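Have the viewer open as you read.

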Amino acid sequence: MRIQHFETLQPVCPVCKAATGRLHPLVIADVTQEDGRHIVQGILHCTLATCQREFPVIDGVPLIIRDIRGYLSENAFQISLRDDLAPVLESALGDCLGAGSTFDICRQHLSSYTWDHYADLDPQGEIGDIRPGSMVRALHQGLDLADTHCSLAERSGPMVDIGCSVGRSTFALAERYHGLTLGVDLNFPMLRLASRLLRTGTVSYPRRRVGLVYDRREFHAALPNADLVDFWACDAMALPFADGAFAAATSMNMLDCVASPVDFLGAMASVLGSGAPAVITCPYDWSISATPMECWIGGHSQRGPEGGASEPALRRLLKQNASQSRKYLHLLAEQEVEWQVRVHSRSTMCYKSHLVLAQTQE
Ligand SMILES: C[S@@+](CC[C@H](N)C(=O)[O-])C[C@H]1O[C@@H](n2cnc3c(N)ncnc32)[C@H](O)[C@@H]1O
Ligand SMILES: [Zn+2]
């Protein structure tokens with residue numbers, strides 16, 4: 001966690017914010033390990049005497065999460081997993097724990113997302129027919145729209161990238177706009193990779209070849225304006241920031257990953273300033289493991305006026321202030337973009353993602 005980001009963004013206690021709507025700032029209560037201007041291990045505290053919740057900073061990532069106990073118990077394995085094992089031991093562990101284990105799922109996620117985000121910088125990036133970088137290309141398409149419709153390049157203030165995973169989109173924002181940028185996600189192994197990249201300039205990840213066979217890839221990644229970037233573990237549905245804290249937001253391919261997409265759009269609008277743009281892409285790959293069916297945007301009720309389609313349902317939500325909040329996101333433009341997720345060396349899933357540019361209105 002960069003001290004500069006903590007001081008500028010002044011995160012608030014997500015527990016107090018959810019319970020009372022009041023904003024109690026967090027303070028850095030303990031620093032156990034530092035690396036330059038990064039806190040690698042430490043504790044943040046809520047300043048309200050009757051709350052005093054603690055939020056740990058682990059491997060450079062602050063965990064500012066409302067249900068911190070639930071999160072830690074669900075993610076204890078991922079958080080305490082050591083990452084200094086030699087590739088041969090990592091491989092043996094993978095075989096022993098087997099397909100479908102938490103270890104295996106973490107490696108698959110790291111493999112898929114890190115490949116699309118960073119393989120263009122890997123001298124042995126296994127560049128075949130499918131080019132890495134699909135998410136960043138889609139992001140730039142959205143940012144071009146935001147520059148045209150909302151003069152994003154002329155706006156000042158921090159930007160937030162929600163559901164950043166291993167972080168290339170967050171770096172891309174800082175490179176393009178030269179401002180303070182924060183990536184937030186809930187996947188600890190992905191945030192740990194992004195945070196380590198900030199401190200060491202190195203990407204290190206397991207790239208899946210076939211089955212449980214992974215090749216460890218490690219390479220240098222020089223990312224312009226990386227000193228403006230930080231990565232925090234925060235829940236997109238309970239963002240620990242004051243209203244209007246950010247000048248722009250992006251959220252690539254995560255609207256269909258949250259428990260309530262409508263509430264997420266409301267939460268995103270509330271942390272944005274007035275007239276601030278939001279670039280959102282979504283492949284509408286609905287699944288009940290992430291989102292209860294009742295909360296999907298389209299994808300059901302084929303007999304209804306929208307025929308079950310997701311695009312008109314999202315358009316409607318972005319036109320009518322569905323969450324009935326003071327500030328909401330209003331649709332400005334939309335496009336179709338390609339997004340690819342590499343599964344293994346012989347399989348890549350190709351999505352068509354719906355890109356929308358929206359802007360907050362009051
Ligand atoms: C399909 S991935 C997309 C990752 C990346 N934006 C991209 O396009 O390559 C969705 C991401 O959203 C994150 N996510 C899901 N629910 C979240 C939540 N409630 N708060 C923050 N991040 C969340 C996941 O951990 C995952 O990294
Ligand atoms: Zn509190």
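Which residue does the side chain of R168 meet in a salt bridge? The partner is D120, at 2.9 Å from N to O; a salt bridge here takes a side-chain nitrogen of Lys or Arg within 4 Å of a carboxyl oxygen of Asp or Glu. This is a predicted model, so local features need pLDDT of at least 70 and side-chain atom pairs count only at pLDDT 80 or more, while totals for chains, interfaces and linings use all residues. Residues are numbered from 1 along each chain as its sequence is written, chains are lettered from A and ligands numbered from 1 in the order in which they are written, and side-chain values use heavy atoms, with hydrogens and water left out.

- The chain splits into domain 1 (3-63) and domain 2 (87-361), with bounds from an automatic or database domain assignment.
- Their centres, taken over C-alpha atoms, sit 24 Å apart.
- In contact terms (heavy atoms within 4.5 Å), 19 residues of domain 1 meet 24 residues of domain 2.
- Together the two domains bury about 1800 Å², with 67% of it on carbon and sulfur atoms; that is the accessible area (1.4 Å probe) that two parts lose on being put together, summed over both.
- H5, L9 and D59 supply 33% of what domain 1 buries against domain 2, more than any other three residues.

**What holds the interface**

- The rule finds 1 salt bridge across the interface of domain 1 and domain 2.
- D59 pairs with R192 in a salt bridge, with the closest N and O atoms 2.7 Å apart.
- On the domain 1 side, α1 (3-9), α2 (14-20), β2 (38-46) and β4 (61-62) each give two or more residues. Helices (H or I, at least four residues) and strands (E, at least two) are DSSP runs, numbered from the N terminus.
- The biggest giver on that side is α1, with 5 residues.

**Other salt bridges**

- The count by this rule comes to 14 salt bridges.
- R168 lies in helix α8 and D120 in the loop between α6 (102-118) and α7 (134-150), so this pair ties together parts 48 residues apart in sequence.
- R168 is buried at 14% relative accessible area, whereas D120 is partly exposed at 41%. Buried means under 20%, exposed over 50% and partly exposed in between (1.4 Å probe, protein chains only).
- D147 and R176 meet in a salt bridge at 2.6 Å, N to O, linking helix α7 with helix α8 across 29 residues.
- R82 and D84 pair at 3.0 Å, N to O, and both are exposed.
- D122, R207 and R217 are linked in a network of salt bridges.

**Positive phi**

- Most residues other than glycine have a negative phi.
- Q10 has a positive phi near 40°; it sits in the loop between α1 and α2 and is exposed at 55%.
- H178 has a positive phi near 60°; its place is the loop between α8 (168-177) and β6 (181-185), and it is exposed at 57%.
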